[in-house]
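Biologist: Please show me the model, and then let us go through it by question and answer.

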Amino acid sequence: MARKMRIFTWCVLLLMIAGIMLAGCGNKQAANVIKIGANQEMTGNNATFGQSATNGAKLAIKEANAKGGVIGKQLTLIVADNKSEPAEAANAMQKLITQDKVVAVIAPIASSNVIAAAAVNQSNKVLAISPTASNPKVTVDPDTKKVREYLFRAAFIDPFQGSVMANFAGKSLKAKTAAIYIDNTSDYAKGLGQYFKETFIKNGGQIIAEEAYLQKDTDFKATITKIMAKKPDVLFVPGYYQEVGMIVKQARELGLAIPILGGDGWDSAKLPEIAGGKALNNTFFSNHYSPDDQSAAVKAFVTNYKKEYNQNPDAFAALAYDATMMVIESIKRANSADPVKIRDELEKTKNYSAVSGKITLNSTHDAVKSAVIIEMKDGKQTFKEKVNP
Amino acid sequence: MDFASFLQQLGQQLINGISLGSIYALIALGYTMIYGIIRLINFAHGDIYMLGAYFGYFATAILKMSFIPSLIIAMVLAAITGMVIERAAYRPLRSAPRIAVLITAIGVSLFLEYGSMLLVTPQPRTFPAVFPAEIYNVGGLVLNSQQIVILAVSLILMLVLNYVVHYTKSGKAMRAVSYDTDAAKLMGIDVDKVISFTFAVGSALAAAAGVLVGIYYNSIDPLMGIMPGLKAFVAAVLGGIGIIPGAMLGGVLMGVIEALVSGFFSSTFRDAAAFGILILILLFRPSGLLGKNVREKV
């Protein structure tokens with residue numbers, strides 16, 4: 001019996017080794033195709049973000065291919081699902097770079113996922129550009145304070161977004177006191193909360209309550225009751241739509257009528273589904289672009305996107321489109337599919353006319369551009385105002 | 001904070017806590033009944049609750065049924081699932097050491113979680129609103145119709161369970177098997193049938209909790225059962241595992257404690273408080289609040 005077991009174990013081991021060797025031989029880069037990876041939240045709690053972003057990136061690649069591709073080659077997009085989880089984001093990055101041999105990666109949407117995967121693409125010297133990750137730590141390593149060479153973003157950063165909302169609360173809504181309710185598991189929400197607080201206090205306001213929840217929580221009534229007792233003028237909830245939807249719903253059920261504010265994590269068609277259109281009245285959030293914007297670039301993008309997917313593009317689709325276009329543009333300028341050369345060109349991006357405004361990458365690889373504030377009216381997003389940097 | 005506003009907050013937190021607690025109580029009942037009868041902590045119980053929520057979702061969203069029929073369908077389907085799980089996973093291990101069954105239960109739990117992820121995708125789903133959430137304002141306290149429905153349904157189910165356990169023949173058989181399995185067998189009770197029945201009842205209650213939660217929070221996903229499952233387990237231990245009224249008491253207490261902790265201390269301490277209770281109860285009163293200290297027979 002023991003001998004049989006041993007033989008069996010050896011067989012399994014041999015099979016595994018053979019499998020690894022075969023997998024290693026299978027992926028030869030086809031000569032006339034350039035591969036771009038997308039490490040996205042296709043499933044899980046942020047799934048609508050990743051799906052929109054992938055649609056946006058696909059549209060960019062399709063348009064580039066229709067124009068004859070870049071440097072005489074066609075482009076393909078390879079999508080890897082990170083399940084909205086940091087550990088999976090690192091795995092997906094590993095797979096895209098080492099197995100699929102992509103020349104650049106459209107990095108995840110959520111800051112926590114980009115940060116978790118950063119070490120992988122840094123050490124492999126392949127650039128990753130996140131459409132929307134807005135936490136400063138994404139491009140600047142918090143321990144060494146050095147800029148991560150191979151990480152970029154097509155979005156503005158949280159200090160800007162947080163201060164835009166704080167100014168909006170203080171100036172447009174005339175709020176004197178605010179409560180902050182953050183997602184304690186998200187770097188993005190914590191960052192936004194911190195910068196909102198700093199600006200709001202600088203403007204002479206007062207933060208009277210700071211509460212936190214965890215991702216996947218479902219009951220927020222106890223904490224909302226506590227916040228209500230302090231009677232703030234506005235509530236700032238910089239989380240993601242899944243929990244935000246439940247928070248807004250439960251807050252309105254408890255009779256909390258004050259304006260509720262948030263960031264770009266609110267931008268999802270699921271939000272009105274979860275919260276209900278009526279509950280979302282009197283809520284505002286900052287975003288990268290609005291499909292109602294009347295500029296020519298936005299109009300053309302919205303028309304093309306609708307033709308392709310039969311739905312309105314959200315900010316994630318727009319920013320992923322921009323990020324992909326920036327990468328394609330860099331390949332063109334580099335006149336090569338060498339990942340390091342592409343990176344060098346991407347770093348030089350200046351005044352690039354994108355859908356979400358004119359993009360210039362600054363010394364910390366962040367996009368400098370304008371933000372919009374969206375108001376929810378009966379479950380529909382409406383364009384409220386545009387704020388320049 | 002002045003006294004009147006403190007009282008009002010306390011009242012509101014009690015309402016929040018009791019509606020959450022009655023959900024825990026419904027799940028805890030299944031834990032406690034199954035433990036009472038075969039001395040097994042059925043870790044897959046939280047996932048039956050998740051399955052119940054999905055059965056309810058498909059009944060309301062796809063078959064367009066109203067609340068009561070979909071609740072009943074979810075309960076029946078979950079009861080069948082519970083019986084199948086017992087037949088396939090636990091019955092073959094009836095004479096195996098207890099630890100083997102416990103590990104099997106963890107395996108079944110993972111199987112249900114990731115199996116349903118495969119079937120229905122990990123995407124959270126939005127539960128359709130089967131009845132409107134009307135809001136009542138009673139002396140500054142806010143109560144909505146969903147909370148009332150949750151409370152009413154849980155109370156009715158607990159009363160029915162109490163009746164079944166104490167005044168029917170199968171209930172009597174259940175109590176007999178729980179008291180002494182071998183003696184019950186000698187008296188001509190079909191033990192396998194009774195255990196199967198217990199799994200059916202426990203699973204049906206968990207499914208009811210799942211549907212209620214789906215309606216109340218409006219969002220369900222394949223991993224939704226893990227946390228409530230664990231908390232209901234703590235609730236069952238708190239009340240005294242194996243004791244039916246203990247599970248009800250423990251569940252409601254857990255809900256109220258969670259609401260008070262997040263309401264008056266910090267919301268981040270809520271889960272710590274729940275599991276802190278488990279440690280305290282195991283240290284100082286291992287047989288639970290309503291349990292008697294029984295020596296293990298040798």
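Modeller: Two strands pair if DSSP finds at least two bridges between them; strands (E, at least two residues) and helices (H or I, at least four) are DSSP runs, numbered from the N terminus. The model is predicted: local features need pLDDT of at least 70 and side-chain atom pairs 80 or more, while totals for chains, interfaces and linings use all residues. Residues are numbered from 1 along each chain as its sequence is written, with chains lettered from A and ligands numbered from 1 in written order.

Biologist: Which residue of β2(A) is the bridge partner of A:I36?

Modeller: Strand β1 (residues 33-40) of chain A runs parallel to β2 (residues 74-81), and 8 bridges join them. Within β2(A), A:I36 is bridged to A:L77.

Biologist: And which residue of β3(A) does A:I36 stand opposite?

Modeller: β1(A) is also joined to β3 (residues 104-106) of chain A, by 3 bridges and again in parallel. In β3(A), the residue opposite A:I36 is A:A104.

Biologist: How many of the 8 residues of β1(A) are buried?

Modeller: A residue is buried if 20 or more other C-beta atoms, placed from the backbone, lie within 10 Å of its own, exposed if 12 or fewer, and partly exposed in between. By that count β1(A) is mostly covered, and its number of buried residues is 6.

Biologist: Which helix gives the largest share of the side of domain 1 of chain A that touches domain 2 of chain A?

Modeller: An automatic or database assignment sets the bounds, giving domain 1 (33-156 + 294-370) and domain 2 (158-287) in chain A. The contact (C-beta atoms, placed from the backbone, within 7 Å) takes 17 residues from each of these domains. On the domain 1 side, α2 (47-66), α4 (111-124) and α11 (315-334) each supply at least two residues. The largest share, 3 residues, comes from α4(A).

Biologist: How far apart are the centres of domain 1 of chain A and domain 2 of chain A?

Modeller: The centres are taken over C-alpha atoms. Their separation is 28 Å.

Note on methods
Contact = placed C-beta atoms within 7 Å.
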